[in-house]
Amino acid sequence: HGAARWEFFAVLRGRLDALFFADDGTVAQRIALDAASGGVVEIPGGVWHSLVFVAPGSIVLEIKPGPYVPQSDKEFAAWAPREDEKDARSCADFLATAAVGARWTRP
């Protein structure tokens, strides 16, 4: 999607889940990552994904190819609300526990 750049995440403290989605928004994979076991994930370019922080105070290091351009850093799938939209909280609540095969729909 967009520039289709890869991303790499390393959990430095705490726990998080990395979610991968099909183009229609169905959860295709959910991977639990934690700092204690050296949790890292590389996300190929063009793959819809999200991170859910499971433990309070978790810290993750994100690495991706530059240059960093804040105006175009994030791309949202058609089914996903932007962070400033009214449905964003509902989507975040769904993602917190979404199982593989589940799909969020706007209320």
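1. In this predicted model, three strands form an open sheet in the order 3-2-5, and their pairing is antiparallel. The edges are taken by strand 3 (27–34) and strand 5, each of which pairs on one side only. On average, neighbouring strands of the sheet are turned by 20 degrees against each other, direction ignored.

2. Within this sheet, strand 2 (residues 15–21) is joined to strand 5 by six bridges in the antiparallel sense.

3. What is the volume of the largest pocket? The value is about 1100 Å³. Its lining comprises 39 residues, and those closest to the pocket centre are Glu7, His49, Lys74, Glu75 and Phe76.

4. Which elements each supply at least two residues of that lining? They are strand 1 (7–13), strand 5 (48–53) and helix 1 (88–97). Strand 5 provides the largest share, with six residues.

5. As to composition, the lining of the largest pocket contains 23 nonpolar residues, nine charged ones and seven polar ones. Among the residues closest to the pocket centre are Glu7, Lys74 and Glu75.

Definitions and conventions:
Residues are numbered from 1 along each chain as its sequence is written. This is a predicted model: local features need pLDDT of at least 70, side-chain atom pairs count only at pLDDT 80 or more; totals for chains, interfaces and linings use all residues. Side-chain values use heavy atoms; hydrogens and water are left out. On a 1 Å grid over the protein atoms alone, a cavity is a set of points where a 1.4 Å probe fits but cannot get out, and a pocket is an open set with protein on both sides within 12 Å along at least five of seven lines; lining residues have an atom within 4 Å of a point. Grid points are joined across faces, edges and corners, and a volume is the space filled by probe spheres set on the points. Helices (H or I, at least four residues) and strands (E, at least two) are DSSP runs, numbered from the N terminus. Ala, Val, Leu, Ile, Met, Phe, Trp, Tyr, Cys and Pro count as nonpolar, Asp, Glu, Lys and Arg as charged, and the others, Gly among them, as polar. Two strands pair if DSSP finds at least two bridges between them. Axes are lines fitted to C-alpha atoms, for helices over the stretch in contact, and angles run from 0 to 180 degrees between N-to-C directions.
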